[in-house]
Amino acid sequence: MNKTVENQIINAEECLRQAMLASDVRVLNELLAPEILITSHLGELLKKQDDIGAHESGLIKIHELEPSEQHIQLHGEVAIVSVRMKITGSYNGSPANGDFRFTRVWAVSSSGSWHIVAAHIGKIS
């Protein structure tokens, strides 16, 4: 595995985690591709603005994101990440805590930076 690219993905994942914790929509906007497809843990198909809008409006508030079991596969200019996350937070004012597995597909953007083109969230029971 190319350690340079792997380190870039590890850093991008941490940047994403910090942006989610802070609801930093500027950074989220940079990390999410305009055409991203997100499948929620409820099977809903979401777009970039759905995710950013939830952070921007305060609908979602994440207090803790604890990653574990991170796996990275590199395929040329695409990286697939699977990571388990324990989440503590709220959604629309109600507690939204749980153990989830995120699968993200990172690709090189036209500007040469990494961004997420697809994401899937599954709830671990």
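User: Which residues are linked in a network of salt bridges?

Analyst: Side chains of opposite charge can pair when their charged atoms come close. The criterion here is a side-chain nitrogen of Lys or Arg within 4 Å of a carboxyl oxygen of Asp or Glu. This is a predicted model, in which local features need pLDDT of at least 70, side-chain atom pairs count only at pLDDT 80 or more, and totals for chains, interfaces and linings use all residues. Residues are numbered from 1 along each chain as its sequence is written, and side-chain values use heavy atoms, with hydrogens and water left out. The network links E69, R84, D99 and R101.

User: What is the N to O distance between D99 and R84?

Analyst: The distance is 2.4 Å. Because D99 belongs to strand β6 and R84 to strand β4, their bridge ties together parts 15 residues apart in sequence. D99 is buried at 13% relative accessibility (buried is under 20%, exposed over 50%, partly exposed in between, with a 1.4 Å probe and protein chains only). R84, at 22%, is partly exposed.

User: Where do R101 and E69 lie?

Analyst: R101 and E69 form a salt bridge, with the closest N and O atoms 2.6 Å apart. R101 lies in strand β6 and E69 in strand β3, 32 residues apart.

User: Is E6 buried or exposed?

Analyst: E6 is buried, at 15% relative accessibility. Its salt-bridge partner is K3, at 3.1 Å between the closest N and O atoms; K3 is exposed at 53%.

Notes: Helix = DSSP H or I, 4+ residues; strand = E, 2+ residues; numbered from the N terminus.
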